[in-house]
Amino acid sequence: MKIGGERDLSVNFCGIHFMNPFIIASAPPATTGEMMGRAFEAGWAGAITKTLMVNAESLIVNVTPRLSSLSFPGPTNEPKKIYAFENIELVTDRSFSVWLKEIEELRKKYPKNVVIASIMDDASKPDGWQYMAKKCEEAGAQMIELNMSCPHGMPELGMGSAIGQNAELAATVTRWTSEVVKVPVMAKMTPNVTDVGLVAKSCEKAGVDAISAINTVAAIIGVDPETLVPKPNVAGYSAHGGLSGPAVKPIALKAVATIAKAVKVPISAIGGISSWEDAAEFLLLGASTLQVCSTVMAHGYGVIEDLLDGLQNYMEDKGFEAISDMVGLSLEKLVGQTELNREMRLISSVKEEACVKCDLCYVSCRDAGYQAIKLRDDRIPTIDKEKCTGCSLCQQVCPVWDCVVMKPQESVRA
Ligand SMILES: Cc1cc2nc3c(=O)[nH]c(=O)nc-3n(C[C@H](O)[C@H](O)[C@H](O)COP(=O)(O)O)c2cc1C
């Protein structure tokens, strides 16, 4: 692939200039101002502080360990490739006043980058939300993100997703905050709701300037069958946490598309972005900026180079002059099930020369499909065109890329 295109990747998001759409999400890669500065130097356009709370240093006590992960292949095989983290980490445990100083310093040192403050309180405390928002604005934060979406630890205290799961509370917190600051306010959605579009719409009506989605997906990543303790094991016990990383991308894509159809304010997408392809997909479904956490946790700030190069090249290949040219282009292709074409018939066809004779297509079609695949004596599969219903299970399970292809029924028959 070509490296380094000419396209302008800058984005105007809520009236703020971002040199590219990539933002460090409110999470471990934004644990301190010093870290956010290093992210800017690596090429990230913006960064959102780990969620701030007043008196965090006395209220927030994190457990160890507070992460677990899922990886390909299984733990006993070759090198790990993480596709999901589960975390039971709380918001920042660092002092609010120290954070304010760091925001101020970041703004002075990195005037071209965007510093966003993430804040959290409970839904009974307008003063808390307003105090933090005003102080962060005074310190120089260019946007405020409302964390109404953390699914673990904080909801038990009436915070995080306890607010974002209730459209009225989400609107109330939005209103409290929006009315005391001039900088744009962004509400961060939880995916753990029946209709995220409804919550986003409620925040929009309350005056929010942007929606970010998603925070982590409430999850239990596993149980150790030896000790019987769910993961992560904290002195013999565990608690449910939040899932992130590539595994949650499909959930995030659906949430972003739903929100894009429900509101007019701009969207900042988060959830499993680990490649330029992921970035493009979120833009096409309606996001204008892109936040990343887990991929940076696994590979460091340097991943920004591949994200930028890949996106540039994609835009050049597709003829997009600016990021805004591609925002939401795929939304019109997302229709209701009943609107899908029921006339088109595809059936599978196997490229003999690519087949590795693993039998997987045969077995899955036999036991979970339509018994449309037979094996020749040399173990090459053949498709029974009358029995194949075109479900594509054989294509999905085939370990070889492009060995099974779906073709129009007529062209296969000819
Ligand atoms: C260890 C960890 C801590 C996090 N802490 C916060 C937080 O303090 N505030 C917040 O809004 N989101 C927090 N998040 C959620 C991320 O900002 C992000 O929404 C989520 O991880 C999905 O993005 P990803 O798939 O790129 O990781 C945290 C995520 C992880 C993994």
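Predicted model: local features only at pLDDT ≥ 70, side-chain atom pairs only at ≥ 80, totals over all residues.
**View A. The buried face of helix H13.** Helix H13 runs over residues 360–368, and its buried residues are Cys361, Ser364 and Cys365. Look down the axis of H13 and you'll find these buried residues within an arc of 100 degrees, so they line one face of the helix.

**View B. Cysteines without a disulfide.** Search the whole structure and you get zero disulfides. Take cysteine 365: its nearest cysteine sulfur belongs to cysteine 394 and sits 6.5 Å away. Cysteine 365 counts as buried because its relative accessibility is 11%, under the 20% cut-off. Now try cysteine 391. Its closest cysteine sulfur is again in cysteine 394, 6.4 Å away, which is too far for a bond. Cysteine 391 is partly exposed, with a relative accessible area of 43%.

**View C. Helix H3 packing with helix H4.** Here H3 (residues 96–109) meets H4 (residues 126–139) at an angle of about 30 degrees, and their axes are 8 Å apart. On the H3 side, the contact is made by Phe96, Leu100, Ile103, Glu104 and Arg107, while H4 brings Tyr131, Met132, Lys135, Cys136 and Ala139. Sort the residues of this contact and you get seven nonpolar, three charged and no polar ones.

Definitions and conventions. Residues numbered from 1 in each chain as written. Heavy atoms only, no water. Axes fitted to C-alpha atoms, helices over the stretch in contact; angles between N-to-C directions. Helix = DSSP H or I, 4+ residues; strand = E, 2+ residues; numbered from the N terminus. Contact = heavy atoms within 4.5 Å. Nonpolar A, V, L, I, M, F, W, Y, C, P; charged D, E, K, R; others polar. Buried < 20%, exposed > 50% of the residue type's maximum accessible area, 1.4 Å probe, protein only. Arc of directions from axis to C-beta. Disulfide = S-S within 2.5 Å.
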